[in-house]
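Morning, everyone. Please have the viewer open, and follow along as I talk.

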Amino acid sequence: DDMSRINKARGLLFGLALGDCLGAPFEGRREVTETDIVTTRDGTGQLRHTDDTALTLVLARHLAHRVGDRPRTTESLIDVDVLAREFAEAWRDEPWRGYGGGVTKSFELIVSGEPWRSAIRAVFPEGSFGNGGAMRVAPVALVGGDVREVTELARRSTEVTHAHPDALHGAVCQAVATHLALALPSTEPARPKEFVRPVRQAVSSTSWEDKIDHVVDLAERNADPAEAAAELGNDVSATASVPLALLAFLRHSGDPDAVLRFAILAGGDTDTVAAMAGALAGAHSGYAALPTHATARLEAAKDLHLYAEHLA
Ligand code: R7I
Ligand code: MG
Ligand code: MG
Ligand code: MG
């Protein structure tokens, strides 16, 4: 019903921001302890977000402005030229949010008037394989009606900064998984093998199919965060972060706090892996299942509520 739809939309956006904020203090660390995470989560004062949430809010706003347009197509939902400029302007206004080196250069060029299609190849000629597309993609799961549409929206929202095939596959993987998490009743745990089947079909790459199979294998073996990081990777590339986030969700679906702790305990790109895992957990379990003491402290709480209501 409508209440659970809004609860899940809020869960998706707040789960993402919460993962970003709780993971941010540990980004790049090899080892993180349970105490480190709980101290941050149960503290007082505002929880500050990074580029992951900042660009998610830009995409959510972009979609919210277009979701009522008719006829509705993926082209009308995402205007790539406008979105590229909006992302670049968010960086220009707050360049201190922790952006990657490649996108920083691209955004600098876009702001100074260079077309995005050439700007995004200035640093990495083959296109960036970073996880910057996947980290912000979750809102497309709220507007895409089916897996095909979600896949197309994921690609359009990513390609304005990340042209490398792995960055695009990673965003499709994360967006389709988020779409499935929204559709799965919050009372039903995700069954790894069944859950990933449509994700596996949506990523048009055998190496990504293998990655997803590896995630299922680790979920069925109850792998711990250290083992997961060693086998799947935990760095800023899409290939070595999106699968880890999916595993965090599958290991603890139904318990968003445990999903976030698993993602952060794995170390490495903690804000981004926790943001992606948090979007999945929140989309599945809903806003009411997130730790309220922490969600209330999120810097962007007001905007997150606004876009969740608009996109639900
Ligand atoms: O993908 P992107 O937005 O970075 C996201 C990460 C997240 O962890 C955020 O929390 C934030 O901290 O940054 O930014 P990019 O600069 O496009 O890619 C990130 C990094 O991936 C780059 O700085 C490079 O280190 C690496 N990288 C590459 N290295 C070599 N060759 C990406 N593409 C390449 C490549 O083609
Ligand atoms: Mg970040
Ligand atoms: Mg960073
Ligand atoms: Mg990060």
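This is a predicted model: local features need pLDDT of at least 70, side-chain atom pairs count only at pLDDT 80 or more; totals for chains, interfaces and linings use all residues.

Start with ligand 1. How many residues surround ligand 1? The count is 21. Among the closest are Asp52, Gly102 and His162. Ser128 and Asp269 also belong to that closest group.

Now the polar contacts. One oxygen of ligand 1 lies 2.8 Å from a side-chain N or O atom of Asp52. Gly102 uses its backbone instead, with a polar atom 2.6 Å from an oxygen of ligand 1. How much of ligand 1 does the protein bury? On its own, ligand 1 exposes 700 Å², and the protein buries 79% of that.

Where is this on the protein? Ligand 1 takes up the space of the largest pocket.

Next, the shell around ligand 1. Three helices each supply at least two residues: α3, covering 51–66, α6, covering 101–111, and α16, covering 270–285. Which helix gives the most? That is α6, with 3 residues. By type, the shell has 11 polar residues, 5 nonpolar and 5 charged.

On to the metals. Look at the magnesium ion called ligand 2. Which protein residues are its donors? They are Thr50, through OG1, and Asp51, Asp52 and Asp271, each through OD. Those donors lie 2.1 to 2.3 Å from the ion. Along the sequence, the donor spacing reads T-D-D-x218-D. There is another magnesium ion, ligand 3, and 3.6 Å separate it from ligand 2.

Last, the backbone. Find Arg70 and Pro71. Is the peptide bond between them cis or trans? It is cis, with omega near -5°. Pro71 sits in the loop between α3 and α4, where α4 is 74–77.

Then go to Asn222. Its phi is positive, about 50°, although Asn222 is not a glycine. Asn222 also lies in a loop, between α12 (206–220) and α13 (225–232).

Definitions and conventions: Residues are numbered from 1 along each chain as its sequence is written. Chains are lettered from A and ligands numbered from 1 in the order in which they are written. Side-chain values use heavy atoms; hydrogens and water are left out. A residue is near a molecule or strand if one of its heavy atoms lies within 4 Å of it. A polar contact is a pair of N or O atoms within 3.5 Å; within protein, one must be able to donate a hydrogen and the other to accept it, and residues adjacent in sequence count only if both atoms are side-chain atoms. Accessible areas come from the Shrake-Rupley method with a 1.4 Å probe; for residues, only the protein chains shown count as cover. On a 1 Å grid over the protein atoms alone, a cavity is a set of points where a 1.4 Å probe fits but cannot get out, and a pocket is an open set with protein on both sides within 12 Å along at least five of seven lines; lining residues have an atom within 4 Å of a point. A molecule sits in a cavity or pocket if more than half of its atoms lie within 2 Å of its grid points. Helices (H or I, at least four residues) and strands (E, at least two) are DSSP runs, numbered from the N terminus. Ala, Val, Leu, Ile, Met, Phe, Trp, Tyr, Cys and Pro count as nonpolar, Asp, Glu, Lys and Arg as charged, and the others, Gly among them, as polar. Donors are N, O and S atoms within 2.8 Å of the metal (3.2 Å for Na, K and Ca); water is not among the atoms, so sites may look incomplete.
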